[in-house]
Amino acid sequence: MIRLLIVDDIASTRENLQKLLSFEEDVEVVGTAGDGKEGFDEAQRLNPDIVLTDVNMPVMDGIQLTERLTAELPSSPVIIMSVQGERDYLRRAMQAGAREYLIKPFSHDELIAAIRKVHQLEQKKSALSPKTPEAETPRPAAAGNVIALFSGKGGVGKTLLATNLAVALANETNARVALLDLDLQFGDVGVMLALNHSRSVTDVVEAGEGLEAEMFNDILGTGPGNVRVMLAPISPELADLITADHVRVVLAELRKSFDYVVVDTATHLSEFNLEVIEMAQRILVITTLTIPAIKNAKLGLKVLESLNVDPNAVLLIVNQSDGHSDFNRESIEQNLRQPVAAQLPYDAKVVGESVTRGSPFVTLHPDAQISRAVRDIVSLVIPEQVGAGAGDKKKRRGLFGR
Ligand SMILES: Nc1ncnc2c1ncn2[C@@H]1O[C@H](COP(=O)(O)OP(=O)(O)OP(=O)(O)O)[C@@H](O)[C@H]1O
Ligand SMILES: [Mg+2]
């Protein structure tokens, strides 16, 4: 049962929402309030799973309410309802820590989907967040670094960056680099790298217990710069065969044999992604300068925070940073309370040619500004100790040593 508190100054809106939700078996409206102040008091008293609040209200508005709840009652996440065109509110709600935004008028389906989504996320988080102290100790900076790319919004350039970063890492550091495509349904790492390879993570599942190192090696394709690639299943329905356990095994195996494992992910908070977050030394959160992308980047960063991910492990990357937008680096940093680690410019020509030819731009146009930006990211993800350990690294021969 999802226990919900509704906060709105208009009585008929409260009633309508209550009626709308009365048909849902998994939602119970445990209380209502007519302004932010009353809403806060009720939230403290009832400790609801979710607070659904309007923005414009007397005494205390929805943004202030969100701020207070985020700070003082984080177990009651907030969904904000606002009228279209209140873009400034949306921005402020983001800063205040709201988890979801519903633009009025919204449908019953949108409402219930938002409630369930926020609730699910909250449950996943609470399942994972009571961390033992050792989980917070810094992870080893040596070989087997997992670099995971995430975004809260699709199409922001994760796969483009994952492929180019993997190849640039291999070229710049001479390290052994693996690239894992965990966009299990619609992975397109293979297409971006023009890989003609039929094996995929599905073969790991098929092999089951009998998986041997040599087989594992065969499952990996070989891309530019000798990057070894674990492809996503060739067809979306095959994705269902893969469990979080498989992901853990694959990642652990890759870590043993590679200096870096770059992981491209799908845009949603799945069990797989939580698995990857657990194992990653570096988490790259990618956003563009659009409002939905920034909003979802904010939510993504919040999840990482609640999972006790070391803030220093998180790198915020802005893609298409020179595009026309109301946002710039400063406003993003302010909104997301996270420094921008790197920016990739928009470059239709270089990127277009690279994607069409299935050849990373870092090798196709190494002098392009966007390629330089990727190399900057390489220098950010390489642990400082790498220089010292480099001799070592060359001598070490793993399963897939070249
Ligand atoms: N900096 C850029 N300059 C020009 N085009 C870009 C840039 N970044 C991304 N694109 C375009 O956007 C497309 C989508 O990028 P990409 O597939 O990497 O996004 P994604 O985040 O992996 O998407 P999905 O969520 O669907 O996996 C690219 O194929 C490319 O055409
Ligand atoms: Mg992608």
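**Contacts, sheets and a ligand site**

Student: What share of the contacts with a separation of 6 or more comes from residues 24 or more positions apart?

Tutor: Such residues account for 75% of the protein's contacts with a separation of 6 or more; contact means heavy atoms within 4.5 Å.

Student: What are the ground rules for this model?

Tutor: This is a predicted model, so local features need pLDDT of at least 70 and side-chain atom pairs count only at pLDDT 80 or more, while totals for chains, interfaces and linings use all residues. Residues are numbered from 1 along each chain as its sequence is written, chains are lettered from A and ligands numbered from 1 in the order in which they are written, and side-chain values use heavy atoms, with hydrogens and water left out.

Student: How many helices and strands does the protein have?

Tutor: There are 18 helices and 13 strands. They are DSSP runs numbered from the N terminus: helices are H or I with at least four residues, strands are E with at least two.

Student: And how much of the protein is buried?

Tutor: Buried residues make up 52% of the 402 residues. Buried means under 20% relative accessible area, exposed over 50%, and partly exposed in between (1.4 Å probe, protein chains only).

Student: Take the five-stranded sheet. What is its strand order?

Tutor: E2-E1-E3-E4-E5, in an open sheet with parallel pairing. Strands E2 (27–33) and E5 (100–104) are the edges, each pairing on one side only. On average, neighbouring strands of this sheet are turned by 25° against each other, direction ignored. Two strands pair if DSSP finds at least two bridges between them.

Student: Which helix packs on the sheet?

Tutor: Helix H1 (residues 11–21), which touches strand E1 (2–7), E2, E3 and E4. The direction of H1 makes about 170° with that of E2; axes are lines fitted to C-alpha atoms, for helices over the stretch in contact, and angles run from 0 to 180 degrees between N-to-C directions.

Student: How many bridges are there between E3 and E4?

Tutor: Four, in the parallel sense, between E3 (residues 50–54) and E4 (residues 78–83). Leu 52 stands opposite Ile 79 in E4. Strand E4 also holds Ser 82, which is buried with a relative accessible area of 5%. Beyond its neighbours within four places in sequence, Ser 82 is in contact with Val 55, Leu 102, Ile 103 and Lys 104.

Student: Moving on to E7. Why is it described as largely enclosed?

Tutor: Six of the six residues of E7 (residues 177–182) are buried, so the rest of the structure largely encloses this strand. Val 177, Leu 179 and Asp 181 point one way, and Ala 178, Leu 180 and Leu 182 the other. In a regular strand the side chains alternate between the two faces of the sheet.

Student: Which strand is joined to E7 by six bridges?

Tutor: Strand E10 (residues 260–265), running parallel to E7. Leu 180 stands opposite Val 263, and the bridge partner of Ala 178 is Val 261. E7 also pairs with E9 (residues 228–230) in the parallel sense, over three bridges, with Leu 179 opposite Val 229.

Student: What else is joined to E10?

Tutor: Strand E6 (residues 145–150), parallel, through five bridges. Asn 145 has Tyr 260 as its bridge partner in E10. Six of the six residues of E10 are buried, so E10 too is largely enclosed by the rest of the structure.

Student: New topic, ligand 1. How many residues surround it?

Tutor: 18, the closest being Lys 158, Thr 159, Leu 160, Asn 319 and Pro 345; a residue counts as near if one of its heavy atoms lies within 4 Å. Helix H7 (158–173) and helix H15 (348–357) each supply at least two residues of the shell, and the largest share, three residues, comes from H7.

Student: Which residue has a backbone N or O atom 2.9 Å from a nitrogen atom of the ligand?

Tutor: Asp 347. For oxygen atoms of ligand 1, a polar backbone atom of Lys 158 lies at 2.9 Å, and a backbone N or O atom of Val 156 at 3.0 Å. The protein covers 77% of the 630 Å² of accessible area that ligand 1 has on its own; such areas come from the Shrake-Rupley method with a 1.4 Å probe, and for residues only the protein chains shown count as cover.

Student: Last one, Thr 287: buried or exposed?

Tutor: Thr 287 counts as buried, at 0% relative accessibility. This residue lies in strand E11 (residues 282–287).

Notes. Polar contact = N/O pair within 3.5 Å; in protein donor to acceptor, adjacent residues only side chain to side chain.
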